[in-house]
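Subject: Structure for your files, with notes

Dear colleague,

I am handing over the structure we spoke of, and my notes on it follow below. Please read them with the model open beside you.

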Amino acid sequence: MLPGIIPKIVIAGAGEWKFEFEFDRIKKITPILDDLLTAVSSKADREKKKAVVVFDEFQEITNYGDDEIERKMRSVFQSHNNVSYIFMGSKRHMMNELFNNSNRPFYRSGKHFPLGKIEKTEFKTFIEKWLKSGKYQCEEGVIEHILDVTESHPYYTQMLCHIIWEEARNYKIDKKTVELSVEKLFAREADAFFSVWESLSNGQSKLLLALARDETSEIYGSKFIKRYNISSPSSVQKAVKALTEKEIIIKEDGIYKISDIFLKEWLRIKF
């Protein structure tokens, strides 16, 4: 499938070996890229099948110095009738830049499917299933309490449930178990939260603390600015741009929010 890439076996010593791929670094990488980008389509053609290719964390492609690979991908993929391509990414701002900026090769090249939070009823069923498999007994309303604490954030819901799984005594889970597990989660994440906090300018930290207390659409209003001692609307605008680019805040239904709900709670407690 990839004739431009050379497989080789390296003998490292008595009974030690490893399998590697390499390519001729003197020659241009374009032929290898051509092979790679057409491999699935060619195989699907030969087998008379349809295929799906999924790129996870696709925003990482912006780490390349230019958009040569993006342009190549776009030109090759648009000719494939038997392959669907899915581009997933956790950095919303960067994904928007890739697909909504008219200067980027993938501009308006596909349909957008923003993934919202998992519905509480579905998440509850998922959690109940796993607790039941571990023979845990839950106090009435505990799972709903977990989802209220995490606001159904997938990453933190699963992290908190994992800690609860470890912390539960005698396989019984009550609200006290949840609170102790939240404290443990904060302890685990404290270094990461401090790193975020220390990376902020004065204007950014002021806005973040304000949003930790008051998520609102009125962040440019005089009342909000005066209440949280922010210097001016232009200072807010500058901070919003920086915090959005860092994916620390997001705008949902016109309301500015801190994207990480545990960072928000940590700020409320710490400050």
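Asp148, at 48% relative accessibility, counts as partly exposed, where partly exposed is the range between buried, under 20% relative accessible area, and exposed, over 50%, with a 1.4 Å probe and protein chains only. Before going further, please note that this is a predicted model, in which local features need pLDDT of at least 70 and side-chain atom pairs count only at pLDDT 80 or more, while totals for chains, interfaces and linings use all residues. Residues are numbered from 1 along each chain as its sequence is written, and side-chain values use heavy atoms, with hydrogens and water left out.

Salt bridges

Asp148 forms a salt bridge with Lys120, the closest N and O atoms being 2.5 Å apart; the term stands for a side-chain nitrogen of Lys or Arg within 4 Å of a carboxyl oxygen of Asp or Glu. Because Lys120 lies in helix α4 (residues 120-133) and Asp148 in helix α5 (residues 142-150), the pair ties together parts that are 28 residues apart in sequence; helices here are DSSP runs of H or I with at least four residues, strands are runs of E with at least two, and both are numbered from the N terminus. Lys120 is itself partly exposed, at 39% relative accessibility.

A search of the whole structure finds 18 salt bridges, and Lys264 takes part in two that I would point out, one with Glu151 at 3.2 Å, N to O, and one with Glu215, where the closest N and O atoms are 3.3 Å apart. Lys264 is in helix α11 (residues 261-270), whereas Glu151 is in the loop between α5 and α6 (154-167), 113 residues apart from it. Glu215 belongs to the loop between α8 (202-213) and α9 (222-227), so its pairing with Lys264 ties together parts that are 49 residues apart in sequence. Lys264 counts as buried, at 4% relative accessibility, while Glu151 is partly exposed at 30% and Glu215 is partly exposed at 28%.

Cysteines

With a disulfide taken as a pair of cysteine sulfur atoms within 2.5 Å, the count comes to zero. Cys138 is in no disulfide, and the nearest cysteine sulfur, that of Cys161, is 8.8 Å away. Cys138 is partly exposed, with a relative accessible area of 34%, whereas Cys161 is buried, with a value of 18%.

Helix packing

The axes of α8 and helix α10 (residues 233-245) come within 9 Å and cross at roughly 85°; axes are lines fitted to C-alpha atoms, for helices over the stretch in contact, and angles run from 0 to 180 degrees between N-to-C directions. The two helices are therefore roughly perpendicular to each other, a label for angles of 65 to 115 degrees, with under 35 being roughly parallel, over 145 roughly antiparallel and the rest oblique. In this contact (heavy atoms within 4.5 Å), Gly203, Gln204, Leu207 and Leu208 of α8 meet Val236, Ala239, Val240, Ala242 and Leu243 of α10. These residues divide into seven nonpolar, two polar and no charged; Ala, Val, Leu, Ile, Met, Phe, Trp, Tyr, Cys and Pro count as nonpolar, Asp, Glu, Lys and Arg as charged, and the others, Gly among them, as polar.
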